[in-house]
Amino acid sequence: MDRLRITGGKPLHGTVAIAGAKNAALPQIAAALLSPHPVELSNLPLVSDVENMLCVAELYGAKVTRNAHCAAIDAKIKALLRLRSTHARNRSISAPHCASLRSSCS
């Protein structure tokens, strides 16, 4: 759609709050685990996928502080994906968490 046609006799005015996008929030939460510094994410949507991803971050040792549409993630576990990380914890994700994230468990 290239245009939006609005018909009527009155001019438009005001503001619109843009909601956060789940598909943008999930990789940002994962990326926060790679940072050696605390990361603050704002405008997070209040949906179960985001909440479940924050729970997974906690399972891997991150300290997560939630406040409405915001979350502060303090991983302090260096990078989970670095092979020589001495701080990362090897955790199993429970079957309910896997199901809620629509992933597979083995």
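**Close-up views of a predicted model**

**View 1. N43 sits in the loop between β1 and α2.** Welcome to a predicted model, in which local features need pLDDT of at least 70 and side-chain atom pairs count only at pLDDT 80 or more, while totals for chains, interfaces and linings use all residues. Residues are numbered from 1 along each chain as its sequence is written, and side-chain values use heavy atoms, leaving out hydrogens and water. Helices (H or I, at least four residues) and strands (E, at least two) are DSSP runs, numbered from the N terminus. N43 is not a glycine, yet its phi is positive, at about 60°. Most residues other than glycine have a negative phi. With 40% relative accessibility, N43 counts as partly exposed; the term covers values between buried (under 20% relative accessible area) and exposed (over 50%), with a 1.4 Å probe and protein chains only.

**View 2. A68 is in the loop between β2 and β3.** Here is another residue other than glycine with a positive phi, near 55°. A68 counts as exposed because its relative accessibility is 60%. For a glycine, look just after α2, where G61 takes a positive phi of about 100°.

**View 3. The largest nonpolar core has 14 residues.** Such a core is a set of buried Ala, Val, Leu, Ile, Met, Phe, Trp, Tyr and Cys residues joined through side-chain atoms within 4.5 Å. The residues touching the most other members are I29, L54, A62 and I73. Two or more core residues come from each of α1 (22-32), α2 (48-59) and β3 (70-74). Zoom in on I29: setting aside neighbours within four places in sequence, I29 is in contact (heavy atoms within 4.5 Å) with L41, V50, M53, L54, A57 and I73. In soluble globular proteins, nonpolar side chains tend to be buried together.

**View 4. Helix α2 has twelve residues.** From its first C-alpha to its last, α2 reaches 16 Å, close to the 16 Å expected at 1.5 Å a residue; the expected span is 1.5 Å times one less than the number of residues. D49, V50, N52, L54, V56 and A57 are the buried residues of α2, and they pack against α1, β2 (63-67), β3 and α3. Take N52, which is buried because its relative accessible area is 13%. Beyond its neighbours within four places in sequence, N52 is in contact with H97, S100 and L101.

**View 5. S35 lies in the loop between α1 and β1 (39-41).** At 18% relative accessibility, S35 counts as buried. A polar atom of the S35 side chain lies 3.0 Å from the backbone oxygen of H37.

View 6. The chain averages a pLDDT (the predictor's confidence in each residue, from 0 to 100) of 79, and 80% of the residues score at least 70. Over residues 78-87, pLDDT stays under 50. Where pLDDT is low, the predicted coordinates should not be read in detail.

Note on methods
A polar contact is a pair of N or O atoms within 3.5 Å; within protein, one must be able to donate a hydrogen and the other to accept it, and residues adjacent in sequence count only if both atoms are side-chain atoms.
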